[in-house]
Amino acid sequence: MAYDNICKYLAENYPADLVRWIHGIDVTEISVLKTELNTEPIHADSLTLLQTANQILQWEFQTLPASKPSLPLRMLKYWVRLKEKYNCPIEQVVIFLKFTTSSKAYTNQLLEGNTSHGYRVIRMWEQDPEQFLANPALLPFATLAFSESPKRLLEQVAAAVDRIEEPLAFTNISACTQLLAGLRFDKGLIGELFPEEVMQESVIYQKIIQKGHQLGLLEGKREGLLEGRQEEGYAIVIRQLTRRFGNVEDQLLEGIQKLSVAQLEELSEALLDFETITDLTVWLTEHQQ
């Protein structure tokens with residue numbers, strides 16, 4: 001997700017530069033659209049409307065070729081939603097960021113029965129780095145471009161970033177560059193060429209950290225709820241066993257503590273048919289294999 005956030009940030013803050021690179025046209029009036037497509041919400045990485053031409057340009061940034069549903073089907077779904085909502089010409093481009101030999105990165109259409117839908121594909125490892133090195137807004141993408149000497153390319157990018165004079169642009173472009181470079185280069189090498197404190201001060205880095213923190217809190221809540229259910233299930237099972245068989249050996253208690261919530265619920269029902277404590281021992285042996 002971090003790489004999606006970086007590309008979205010660049011698309012939203014430097015749309016004209018990306019339009020010039022991806023589509024080879026100069027525009028002055030661009031409106032960045034929301035990426036949620038109703039009715040049943042699905043999200044695209046970047047939707048840009050060219051107001052002057054009444055045309056939608058959709059950019060889908062992919063780190064890995066694998067996708068569920070398949071990428072060609074996703075692109076068709078995006079196209080249908082966009083056509084329904086805006087009823088204007090749509091040009092779709094999928095941009096693969098990380099090098100892969102997968103055939104999925106070389107597929108640019110959906111062919112199924114009598115259904116056909118096409119889109120354009122850009123593979124970053126085939127792109128000429130000069131077009132990115134010449135434009136500060138595109139410098140983060142330069143780290144992923146073609147080069148017979150990748151380390152030398154990264155040094156060129158670092159030097160170009162260092163020449164950005166406007167402080168805020170320098171901080172944010174530097175952060176985006178370092179993060180995208182992580183798809184290709186060792187963290188140690190990146191650290192040698194870029195000051196880490198600059199990345200930590202950037203807007204995009206803070207957004208990623210904040211989002212990660214929010215996800216962490218949500219995951220913590222889920223784990224807390226699950227742990228609470230596990231403790232409750234354990235307590236119920238122990239009460240049932242104590243009423244039927246009296247005290248339960250520590251070894252058996254330890255085995256019960258290791259059971260999942262679903263297993264505790266299953267045991268709670270099963271023990272109604274137990275005749276002796278041996279039945280519990282057998283049950284635990286079968287369910288802990």
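A residue is called buried here when its relative accessible area is under 20%, exposed when over 50%, and partly exposed in between (1.4 Å probe, protein chains only). The structure is a predicted model, so local features need pLDDT of at least 70 and side-chain atom pairs count only at pLDDT 80 or more, while totals for chains, interfaces and linings use all residues. Residues are numbered from 1 along each chain as its sequence is written, and side-chain values use heavy atoms, with hydrogens and water left out.

Taken as a whole, the protein has 13 helices and nine strands (DSSP runs numbered from the N terminus: helices are H or I of at least four residues, strands E of at least two). Of its 289 residues, 45% count as buried. As for contacts (heavy atoms within 4.5 Å), 60% of those with a separation of 6 or more join residues 24 or more positions apart.

D128 sits in the loop between β9 (120–123) and α4 (130–133). A polar atom of the D128 side chain lies 3.0 Å from the backbone nitrogen of E130. Along the chain, D128 and L144 are 16 residues apart, and their C-alpha atoms are separated by 9.9 Å.

L193 belongs to helix α8 (residues 187–193). With a relative accessible area of 27%, L193 is partly exposed. Leaving aside residues up to four places away in sequence, L193 touches L154, E155 and A158.

Key:
Polar contact = N/O pair within 3.5 Å; in protein donor to acceptor, adjacent residues only side chain to side chain.
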